There are 2 protein chains.
Amino acid sequence: MASQDLSARIVAAALEQFGRLGFDGASTRDIARAAGTAMSSITYHFGGKQGLYVACADHIAEIVAENRRPVVEAIAADPPTSPEAARAALIMLIENLGRLMLSPRSATFAQFIVREQQHPTEAFERLYARMMRPVLETALLLIGIARPSLADAERRALLANAVGMALVLRLARATVSRIMQVETLDEATADLLLASLRRNALSLLKEPAP
Amino acid sequence: MASQDLSARIVAAALEQFGRLGFDGASTRDIARAAGTAMSSITYHFGGKQGLYVACADHIAEIVAENRRPVVEAIAADPPTSPEAARAALIMLIENLGRLMLSPRSATFAQFIVREQQHPTEAFERLYARMMRPVLETALLLIGIARPSLADAERRALLANAVGMALVLRLARATVSRIMQVETLDEATADLLLASLRRNALSLLKEPAP
DNA sequence: GTCTATACTACGATAGAC
DNA sequence: GTCTATCGTAGTATAGAC
């Protein structure tokens, strides 16, 4: 078995277990078993449990960055200048985030990232630099165009709130299901939530009537 | 030592460790040590680690419900009927939630609750019934008054988004700090974030200009 | 009602065979 | 590059003293 394949298999298994059980709850033995190898392979390839954890963060960042590359590139290719165009671009970004939060894939990442948000380690630095900062900075520029009357700090806080509207779809998933009166977040409900996300993001991004 | 005191000390210690380390990461030995008792006291009082975990959920629900009792009672005492009054009441609720998310106390709860959101257990049922459902139902009624033109499902989705604007202050704490360009969320920044939360909640709750 | 002592299992790390 | 074997530590649970 080539080394790269085994590394990838170990990271995939580790992501699943770190996400579900947390750093301490996950066991390198179980991860190795799930990857079909011996525990000492983890030591060999990643230096230990901590090294494997950081490798997982890199993997998350890569997948998420990949996921929204089309949207970011579309905006970069045709940078908005009018408030209307900036709003449209921002709503594309937020909807993209919302879709990710609703997809099963983000379930694996959520717990991992929330833990890092409360107690950032080296893993958070990597997540932030590779999957957060680029899109946040782009969004901030766009908000400056969409809401020119706001002070800089107010634009930044607005960005945080807007991100929260999307994050809640994953981080408070069980509560959102109850609010929406469904057993699980099926596709029809997801469409409804995304439509609301767009509508509510637009409310935030429009200058209020004078 | 009276039984109640010891139980309370154990729950306090357990909350801290479950919040920081997760269910699997926390150790009953360490929890008992932090509570100044023997590990077997946990078996005696709570039946085991799982029982202690559920007791922690009850404790969280109690503290949070207590925290917002004044606001909920103020609204119940003088139920709004006009859209303006409903908006004011809703903003009180959201600001209350935002303050909780910014307070250090919620750090202990956050990881605990997020874990339950992804994989609900009996603990989530208790959290939902005691600290979420009552306020969510009140909020839904108020949104019906503030945004009469929206369909029911749209009001529900709006509620989810509005809650997300507050939750992000805790759940994406490290990212919010970076967005706000501060090392840690100090009091001045917290005030700024709360002011934005009020302003942005108002944007969501106002009927858009025709 | 609370403690000590103990049984049993699983952890992460590492050394060394292949 | 991957495996097996083993070390020292720490986990939960329980029995029984007080």
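Helix H10 (residues 187-205) of chain A packs against helix H8 (residues 152-171) of chain B at an angle of about 65°, their axes 9 Å apart. This is a predicted model, in which local features need pLDDT of at least 70, side-chain atom pairs count only at pLDDT 80 or more, and totals for chains, interfaces and linings use all residues. Residues are numbered from 1 along each chain as its sequence is written, and chains are lettered from A and ligands numbered from 1 in the order in which they are written.

**The H10(A)–H8(B) pair**
- H10(A) and H8(B) are therefore roughly perpendicular (65 to 115 degrees).
- The contact (C-beta atoms, placed from the backbone, within 7 Å) involves Leu192(A), Leu193(A), Ser196(A), Leu197(A) and Asn200(A) of H10(A), and Ala153(B), Glu154(B), Ala157(B), Leu158(B) and Asn161(B) of H8(B).
- Six of the residues in this contact are nonpolar, three polar and one charged (Ala, Val, Leu, Ile, Met, Phe, Trp, Tyr, Cys and Pro count as nonpolar, Asp, Glu, Lys and Arg as charged, and the others, Gly among them, as polar).

**The chain A side of the interface**
- In total, 49 residues of chain A are in contact with 49 residues of chain B.
- H8(A) gives the largest share of the side of chain A that touches chain B, 14 residues.
- That side of chain A has 31 nonpolar, 11 polar and seven charged residues.

**Helix H5 of chain A**
- Helix H5 (residues 83-102) of chain A has 20 residues and spans 28 Å from its first C-alpha to its last, close to the 28 Å expected at 1.5 Å a residue (1.5 Å times one less than its number of residues).

Technical notes. Axes fitted to C-alpha atoms, helices over the stretch in contact; angles between N-to-C directions. Helix = DSSP H or I, 4+ residues; strand = E, 2+ residues; numbered from the N terminus. Parallel < 35°, antiparallel > 145°, perpendicular 65-115°, else oblique. Contact = placed C-beta atoms within 7 Å.
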